[in-house]
Amino acid sequence: MLDKQIIQNEKGALLVKTFITEDFLLYNDTARELFHDTAKHLPIIDYHNHLNQFEILEDKNFTNLAEVWLGGDHYKWRAMRANGISEEYITGNKPDYEKFLAWAQTIPNAIGNPLYHWTHLELLRYFEIDEILNEESASRIWEEANEKLANKEMSVRSLLKNKNVEFVGTTDDPVDDLKGHEALTKENIPFTVSPSFRPDKAIDIHKDGFTDWVKKLEEVSNMKINDYDDFLDALASRVDYFDQHGCKSSDHGINVVFYEDATKREVQDIFARRIKGEPLSQKEMDQFKTWTLVFLGEQYASKGWVMQFHMNPLRNNSTRMFRLVGPDSGFDSIGDQLLAEKLSKLLDAMDVNDKLPKTVLYSLNARDNDVIAAMAGNFQTGGIPGKVQFGTAWWFNDTIDGMEDQMKTLANIGVMRHFIGMLTDSRSFLSFPRHEYFRRILCNLLGTWVEEGKAPKDMKLLESYVKGICYENAKRYFAI
């Protein structure tokens with residue numbers, strides 16, 4: 001007799017079904033009730049991702065599974081390299097099917113990695129393929145998924161609609177043209193696509209491309225930048241431009257948290273010297289970064305935006321591979337810089353004048369969980385529930401253990417009820433089952449606390465937590 005996970009298809013081939021049942025990751029009755037009756041049906045607010053506005057505008061249909069699944073996904077690229085796959089099958093010019101086959105060879109070796117769960121969730125939720133991906137099943141899955149991808153029901157907009165996505169927050173440089181976003185506001189679509197302001201290139205004065213970026217800012221703002229005051233005015237004009245196009249938040253990639261006191265005159269001199277190509281000390285660079293970020297934070301506060309800090313990655317570790325394939329290609333890892341004191345001073349520099357915006361703090365180093373949860377509590381003012389958020393488990397922490405640890409730390413030190421929940425931080429239009437993954441983990445955590453006698457089995461109260469954390473809190477927080 002066949003095992004219940006092994007079935008025959010219509011051609012007589014034996015297929016190994018996935019392990020993803022209706023009660024996947026739900027280990028008690030309370031968890032199951034919370035997920036199936038409440039969490040499962042809630043819309044998705046994906047307030048931070050790296051999706052392409054123009055692919056949504058054109059309502060793109062992807063050619064094949066490799067294009068939609070592997071293109072730009074450095075999470076998968078890292079796993080493939082760790083499995084001994086040659087770079088030509090990852091970022092190189094090998095045919096798409098061969099790249100997909102390399103992924104199919106990799107995934108059986110990744111049990112315990114969330115990629116193993118995400119891969120099979122995505123096959124099941126988008127393609128109704130209830131089969132384990134491996135070398136043997138790869139050709140069947142390739143053909144079936146590609147056949148479905150060719151249908152209009154699998155276009156980008158349909159993928160968003162069918163997963164009940166209500167809001168998409170893309171990531172955009174201040175010099176970007178938002179015509180795609182503007183055009184989307186005129187389309188009859190059941191979700192909102194909003195830009196997010198990512199001014200890393202305005203703050204990273206130490207990078208080689210800084211002066212070239214300032215010239216681009218000058219062009220798009222139609223403002224001559226002769227000095228630092230002009231630079232700030234041009235940035236403020238781009239904040240206005242983004243605000244006019246429905247922006248709800250900014251985002252900052254901060255590899256090392258900085259803070260240095262300075263006078264305005266000192267920063268004006270630092271900017272002028274950098275434009276001339278003169279070298280700067282680390283202190284001077286941090287003085288410029290501090291003054292500029294505080295200025296931007298005050299701009300965000302005036303617009304009612306949310307400010308997000310993604311802290312403590314260690315980027316581009318392999319010089320050789322950076323030269324070969326560039327940034328954001330899977331060669332970043334967890335940084336271990338201390339952040340408490342400088343982060344406190346940076347937030348306080350905005351808060352002292354009551355101009356600290358709503359702020360979300362993420363760290364790539366889980367060691368910082370207690371620090372961030374405690375830091376958020378220092379600035380909970382203004383009558384806004386959860387004004388400063390301990391952001392969801394991010395990147396390398398986006399695992400079952402990582403999500404549970406983040407939520408437990410928040411519950412231990414802060415007020416979990418106002419947590420704004422999950423985001424994908426993804427470049428893939430197939431990534432939205434990660435919200436389901438998070439919701440199952442959340443419901444199981446709450447259910448476990450009930451079963452262990454740590455929380456009451458008050459279903460009305462527990463449902464309010466689930467509705468808030470999965471949907472309502474983010475909708476209110478980002479003023480959607």
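How many bridges join β6 to strand β7, and which way do the two run? Here are a few notes on this predicted model, starting there.

1. Two bridges link β6 with strand β7 (residues 249-254), and the pair runs parallel. Looking across from β7, you will find Ser 250 opposite Phe 197.

2. Zooming out, these strands belong to an open, five-stranded sheet with parallel pairing, ordered β6-β7-β8-β11-β12. The edges are taken by β6 (196-197) and β12; each has a single partner strand, so one side of each has no neighbour in the sheet.

3. Val 388 is worth a click: it sits in strand β12 (residues 388-390). Its relative accessibility is 2%, and because buried means under 20%, Val 388 counts as buried. Beyond neighbours within four places in sequence, Val 388 touches Leu 356, Thr 359, Leu 361, Ala 376, Phe 379, Gln 380 and Tyr 477. Phe 478, 90 residues away in sequence, has its C-alpha 12 Å from that of Val 388.

4. Elsewhere, have a look at helix α4 (residues 74-82), which is mostly covered, with seven of its nine residues buried. Among them are His 74, Trp 77 and Met 80. The cover over the buried residues of α4 includes α3 (65-70), α5 (96-106) and α6 (114-127).

5. At the start, a side-chain oxygen of Asp 73 comes within 3.1 Å of the backbone nitrogen of Tyr 75. Just after the helix, Gly 84 adopts a positive phi of about 85 degrees.

Methods
Residues are numbered from 1 along each chain as its sequence is written. This is a predicted model: local features need pLDDT of at least 70, side-chain atom pairs count only at pLDDT 80 or more; totals for chains, interfaces and linings use all residues. Side-chain values use heavy atoms; hydrogens and water are left out. Helices (H or I, at least four residues) and strands (E, at least two) are DSSP runs, numbered from the N terminus. Buried means under 20% relative accessible area, exposed over 50%, partly exposed in between (1.4 Å probe, protein chains only). Contact means heavy atoms within 4.5 Å. Two strands pair if DSSP finds at least two bridges between them. A polar contact is a pair of N or O atoms within 3.5 Å; within protein, one must be able to donate a hydrogen and the other to accept it, and residues adjacent in sequence count only if both atoms are side-chain atoms.
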